[in-house]
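Visitor: I'd like to learn how to read a model like this one. Could you walk me through it?

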Amino acid sequence: MSASPLAALFSREIRVARRIGGGGTMGVIFFLILVTIVPFAIGPDLNLLSRIGPAILWIAALLATLLGLDRLFQADQEDGSLDLILTSDTPLELIVLVKCLAHWVVTGLPLVIAAPLFGLMLALDPQALWGVTLSLLAGTPALALLGAIGAALTVTLRRGGLLMAILILPLAIPVLIFGVSAAAASFSATTPFLPPFLILCALTLGTLAAAPFAVAAALRHMSE
Amino acid sequence: MWKYANPTFFLPLVATLLPWLIGATVAAFAIGLWGAFFSAPADYQQGETVRIMYIHVPAAWLSMFCYATMAASALGTLVWRHPLADAAQKAAAPIGAAFTFICLVTGSLWGKPMWGTWWVWDARLTSVLVLFVIYLGLIALWQTIEDASRAARGAAILTLVGVVNLPIIKFSVDWWNTLHQPASVFRMSGPTIAPSMLWPLLVMGIAFTLLFTTLHLMATRNEILRRRARRLAIQAASGETDAQPTHRLTMTGGAQ
Amino acid sequence: MTASPFTFPTFRLQAEKLALRRGSRLLVENLSFSLTNGQALVVTGANGTGKSTLLRGLAGFLPPVAGQAHLEDGAGARETIASHAHYVGHQEGSKPALTAHENLAFWRAMLALPGLTSDLTPEAALRQLGVPQVADLPVAYLSAGQKRRVGLARLLLAPRPVWILDEPLTALDAAGQTLLTELMKDHLKMGGMVIAATHAPLGIESLHLSLGEAT
């Protein structure tokens, strides 16, 4: 009769996200705006844009992912849900993982799906489109999990968004390096695609395994 | 447990150690600086600019040593919940940031004659820059969260996350750097350094470590005193006279 | 009210030399007590004497500075209080964007204990709390008292032996307060336990713990 706790949590997260701020659409619009303003900054030269296109898409995805994350736990802290979640029998690490997964489905996945379209606007060739999309698919979960660490550390702060970015962006450098490298290698004649892509996958898997513990520890300590 | 957490034993210890530490630091700097500026020869390639190394390399060493100190304190904060560890960690962050900054500035000054430009996205410099940013983030976290013990635990978790992440960042930056290899990169020939240049470097390394120890002990002591002063102020404000809590619990049994 | 569908297994809540602090201030020190099935403990005290701190400590949100508190089942095995307790604090834990039904269904799934399930539906629980009409309304549209009742409905949906209630009468009207008293009486009759901090009398038989300044 009653659903499993984690399934119930997942569906609650998706519902809340859909009803507030339209869920992923806001992130995609932000992504679009970032991609739009870059040519205004560096000029409409398609050769240049296609060369740095993967980097633009990655930076935009990084910022769009972090932007929505500051409310990940704060909303639960403010309405008292976080306390109640702490009294659940389910390990907090799993709860964190499911919350991050739901957040990624709502905000990260739309970015991945939108990436090829925005790539076309930056004159990427088909191979590069594939490379960027694949690398974003493999890398954005790691960004969401790293961001969750920052979200948990700033859970009690009213305006924690900026601090969160300061704390988390340095930690996201490896993901950015290998994500952009994999994307760039996909259309380069000289560098192979697989090594950076596999390292990117390894980073995501490692973050998947380790970050929930850091997030759960931070939530326990910061919500006292 | 509450009694031990009160770091009264620490303050007399610092008072005893400090004069000796200050003396040792001054002596080590006197020998090290004399060695660096007068005894050691100028480099046959780099000339007099090589003397920046005697500041730059120890600062780089301290930038990492200080992070290690913070990581150890972070464990003390999270595992034993010891207020002394809180204070030690908080005190180390600005010192670490300062040494890292010195490392970056001297690296940049050294880079100008060597590379012909103030800044190069060299793997080593870039890694140190990231470390500097992480220090600043930790300090920002300390300053933003008002409750001291909560701030301590948040910073401790972030410090330990950093311990796991720093090697990955270093590896990534090295990888990134070989991918975008600049035309000419100056490499310091580590193990083949001449003994006449090595000993002042080692003495300077010791001097910097002593300086860090001295500053860190002083800063930790100041942090403890600052907290004590604040606690007294709160007690004065709430009309309490004793450092111990005056609350009593009484229990009246039975149903009514 | 409704007939009790079951009784809770035998257990004991034990606090041993508990010390708790909020920020840098030690508010509770050397507190020992023991409660068993069907007993209630009412905590009173002026503002700032540590009632909420004590309840949050018992619920496991604040680690004790010294001592400990735990549950002991009939066989003497120890368990945490948190995973067997309902905590009712100043916030309800309801998402404003979701309906009362959705919120309650979520908390039932999240907080239900294995072997202790209730066959109440969220609608039936809301009916027991006298607010059946709000089931399909987003919680954002409800009044403070209605929100409170929706929050309390989860205590019936996911039976847990220990109720930890911090000022449970807040925002409730007279009828609501009577209702809550009845619910607590039922819970105690089922072998449950209530620990409540309050300024107003709750109307249940209880042990009494007063926190405050030494005089």
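**Sheet and contacts**

Guide: Let's start in chain C, where helix 1 (residues 51-58) lies across strand 1, strand 2 and strand 4 and runs at about 125° to strand 1. Helices (H or I, at least four residues) and strands (E, at least two) are DSSP runs, numbered from the N terminus. Axes are lines fitted to C-alpha atoms, for helices over the stretch in contact, and angles run from 0 to 180 degrees between N-to-C directions. Two residues are in contact if their C-beta atoms, placed from the backbone, lie within 7 Å. This is a predicted model, in which local features need pLDDT of at least 70 and side-chain atom pairs count only at pLDDT 80 or more, while totals for chains, interfaces and linings use all residues. Residues are numbered from 1 along each chain as its sequence is written, and chains are lettered from A and ligands numbered from 1 in the order in which they are written.

Visitor: What is the strand order of the open sheet in chain C?

Guide: Strands of a sheet pair through backbone hydrogen bonds, either parallel or antiparallel. Two strands count as paired if DSSP finds at least two bridges between them. In chain C, the open sheet has 4 strands in the order 2-1-4-5, with antiparallel pairing. Strand 2 and strand 5 (78-79) of chain C are the edges, each pairing on one side only.

Visitor: How many bridges join strand 1 of chain C to strand 2 of chain C?

Guide: There are 8, linking strand 1 (residues 11-22) and strand 2 (residues 25-36) of chain C in the antiparallel sense. One to look up is C:Arg21, whose bridge partner in strand 2 of chain C is C:Leu26. These two strands of chain C make a hairpin with 2 residues between them, and C:Gly23 in the turn has a positive phi of about 60°. Strand 1 of chain C also pairs with strand 4 (residues 66-73) of chain C, antiparallel over 7 bridges. There, C:Ala19 has C:Ala66 as its bridge partner in strand 4 of chain C.

Visitor: Which element of chain C gives the most to the side that touches chain A?

Guide: The contact takes 26 residues from chain C and 23 residues from chain A. Strand 6 (85-88) and helix 2 (100-111) of chain C are the elements giving two or more residues to the chain C side, and helix 2 of chain C gives the most, with 7 residues. That side of chain C divides into 15 nonpolar, 7 polar and 4 charged residues. Here Ala, Val, Leu, Ile, Met, Phe, Trp, Tyr, Cys and Pro count as nonpolar, Asp, Glu, Lys and Arg as charged, and the others, Gly among them, as polar.
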